[in-house]
Amino acid sequence: MKNNPLKRSVLLAAVVGLACLALALSGIFAPMAIRPRLDLPMMLGLSVLALTIDAYWGPAPRLSWSALAANAALGGAVFALLPWCAGLAENTPVWTLGLAGAAVFGLACLLYTAALERIATGPKAPLAPAGTALMLYLAGQCLSGIL
Amino acid sequence: MRTKDLIAPVAALLAAAAVLFGVSSALGETARAREEAARTEIMAYMLPGRPADFTQEDYDGEDESIRRVFKADGGYVIEVETAGYAGPMVLWVGVTNGGEVSGLTVRQHGETFGLGRGAQTDAPFLLQFLGTAGEAAVDENIDALTGATVTSKAVTRAVNSAAAFVTGADVSSGATEWEG
């Protein structure tokens with residue numbers, strides 16, 4: 001598992017699954033709470049969280065283009081399937097969520113890996129994964145606002 | 001990358017999907033019942049006399065921003081979707097049978113922290129709409145939220161759309177167009 005280049009997709013499924021579970025349960029225990037939408041910043045935030053957990057877990061195996069494409073496809077499947085199963089995709093077609101999820105997670109994997117390699121000052125740089133995540137999330141929010 | 005590397009992520013995805021589907025199927029009815037009860041409780045505060053019974057009515061008018069209409073003794077609560085600064089906003093607007101706005105609340109939005117988010121919580125801003133009857137206009141009888149003119153105009157369009165539904169003037173109000 002530790003050397004699996006698709007470990008990030010496993011973590012993404014766990015993070016998105018927990019987020020969907022929390023939202024589904026909030027529909028029961030706080031039915032009138034204003035819940036966040038599954039939009040691009042939310043997808044990016046969940047993707048970056050999974051990537052940060054992966055970075056703290058241990059050094060990731062080198063990312064090849066084939067692994068990146070497989071991660072993106074799995075990311076699309078995660079963002080399409082899990083919200084639909086939780087009943088949270090009422091107003092958005094599942095294929096739209098899948099395409100957006102694949103694009104967001106694929107890009108996040110690529111940019112996070114590249115930025116982390118440059119930001120880390122050495123093999124033990126404890127703040128580098130969190131700093132990279134924050135930078136990428138803020139940049140993504142700005143881009144989403146422009147779009 | 002080897003083919004067997006796919007086993008773990010696909011298994012994790014299917015396991016998470018199965019858990020979520022189970023939770024959603026088992027608790028879906030309870031969630032819907034509790035949501036309806038809470039919705040009625042909130043809507044009761046938006047009309048005079050706090051009516052306890054609301055019936056959903058079909059809407060076949062021209063205003064595409066009106067999503068749902070609930071009728072009670074004292075008037076209507078209308079769910080309106082409008083284009084905010086950072087995506088669609090959904091509001092509930094209470095309008096009396098005479099066409100006056102008697103309550104409003106923002107139910108969904110993605111507005112910016114510290115700026116447009118005030119549309120949900122800024123009482124002085126929201127109170128300005130009470131008593132209007134479709135003539136609300138930013139910079140005329142409505143003071144916009146500081147730094148959130150687009151959001152303020154979006155709320156204004158939604159409120160005017162809801163009032164126009166009751167007064168019969170619900171032709172397309174432009175509430176689905178960004179900044180109208």
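Select the contact between the two chains: chain B contributes 28 residues and chain A 32 residues, a contact being two residues whose C-beta atoms, placed from the backbone, lie within 7 Å. This is a predicted model, in which local features need pLDDT of at least 70 and side-chain atom pairs count only at pLDDT 80 or more, while totals for chains, interfaces and linings use all residues. Residues are numbered from 1 along each chain as its sequence is written, and chains are lettered from A and ligands numbered from 1 in the order in which they are written.

Next, on the side of chain B that touches chain A, pick helix H1 (7–44) and strand E5 (101–108), each of which supplies at least two residues. Helices (H or I, at least four residues) and strands (E, at least two) are DSSP runs, numbered from the N terminus. H1(B) gives the most, with 20 residues. Colour this side by class to see 17 nonpolar, six polar and five charged residues; Ala, Val, Leu, Ile, Met, Phe, Trp, Tyr, Cys and Pro count as nonpolar, Asp, Glu, Lys and Arg as charged, and the others, Gly among them, as polar.

Then show chain B by domain: domain 1 is 3–44 and domain 2 is 55–167, with bounds from an automatic or database domain assignment. Their centres, taken over C-alpha atoms, are 31 Å apart.

Finally, select chain A, which has five helices and zero strands. Its C-alpha trace spans about 45 × 30 × 25 Å along the principal axes. Of the contacts in chain A with a separation of 6 or more, 76% join residues 24 or more positions apart.
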